[in-house]
Amino acid sequence: MDYENFKESFIEDVKKGLYERGFEDVKIGTQQTQKMNESYESISVTPAGSNIGVNMNLESYFQAVEDGVDYREVVDKAVNTFAGGIEQAPSFDVSSLTDYDQMKDKLV
């Protein structure tokens, strides 16, 4: 399986797995991520109505499959990681960060 086919299948299967775990309304996409001295394509899962999501290195999941790990096992691991990240995400009002009246006393 080439990377592009893997990516399409993986995104669909992760979405299905999250749906089965009770996360019916999530947005899943990919993006290029810059981290320290490396760049990679990541998969991002964000619950509907939230600005906070979970990013994971998509290329590392592909590499695991290339290295012989069962595809279903890789998908299950990703679904568990995303579900855990969403469940443990802190809850706060992101819009307040851009409201000067709320933030002015906190600025230094």
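**Close-up 1. The hairpin of β2 and β3.** In the hairpin formed by β2 and β3, where six residues lie between the strands, G49 adopts a positive phi near 80°. The model is a predicted one, in which local features need a pLDDT of at least 70 and side-chain atom pairs count only at pLDDT 80 or more, while totals for chains, interfaces and linings use all residues. Residues are numbered from 1 along each chain as its sequence is written, and side-chain values use heavy atoms, with hydrogens and water left out. Strand β2 (residues 38–47) pairs with strand β3 (residues 54–57) in the antiparallel sense over four bridges, two strands being taken as paired if DSSP finds at least two bridges between them. Within this pairing, I43 has M56 of β3 as its bridge partner. Strands (E, at least two residues) and helices (H or I, at least four residues) are DSSP runs, numbered from the N terminus.

Close-up 2. Three strands in the order β1-β2-β3 make an open sheet with antiparallel pairing. Its edge strands, each pairing on one side only, are β1 (26–35) and β3, and the twist from one strand to the next averages 30°. Strands β1 and β2 are joined in the antiparallel sense over 10 bridges; among the pairs, I28 stands opposite V45 in β2, and Q34 has S39 of β2 as its bridge partner. In the hairpin of these two strands, which has two residues between them, M36 takes a positive phi near 50°.

**Close-up 3. Helix α1 against helix α3.** The axes of helix α1 (residues 3–20) and helix α3 (residues 71–88) come within 9 Å and cross at roughly 55°; axes here are lines fitted to C-alpha atoms, for helices over the stretch in contact, and angles run from 0 to 180 degrees between N-to-C directions. The two helices α1 and α3 are therefore oblique to each other, on a scale where angles under 35 degrees count as roughly parallel, over 145 as roughly antiparallel, 65 to 115 as roughly perpendicular and the rest as oblique. Their crossing is right-handed, a term used if the near helix is turned clockwise from the far one by less than a right angle, with anticlockwise giving left-handed. On the α1 side the contact (heavy atoms within 4.5 Å) is made by F6, S9, F10, D13, V14, G17 and L18, which meet Y71, R72, V74, V75, A78, V79, F82 and A83 of α3. The residues of this contact divide into 11 nonpolar, two polar and two charged, where Ala, Val, Leu, Ile, Met, Phe, Trp, Tyr, Cys and Pro count as nonpolar, Asp, Glu, Lys and Arg as charged, and the others, Gly among them, as polar.

**Close-up 4. Helix α2 against helix α3.** Helices α2 and α3 pack at an angle of about 155°, with their axes 9 Å apart, and α2 is therefore roughly antiparallel to α3. The crossing in which α2 passes α3 is right-handed. From α2, Y61, A64 and V65 meet Y71, V74, A78 and T81 of α3, and the residues of this contact comprise six nonpolar, one polar and no charged.

**Close-up 5. Helix α1 against helix α2.** The axes of α1 and α2 come within 11 Å and cross at roughly 110°, and α1 and α2 are therefore roughly perpendicular to each other. Y3, F6, K7 and F10 of α1 make the contact with L58, E59, Y61, F62 and V65 of α2, the residues dividing into seven nonpolar, no polar and two charged.

**Close-up 6. Confidence along the chain.** The protein averages a pLDDT of 89, and 96% of the residues score at least 70, pLDDT being the predictor's confidence in each residue, from 0 to 100. Confidence is highest in helix α2 (residues 58–66), at a mean of 96, and lowest in helix α4 (residues 100–103), at 80.
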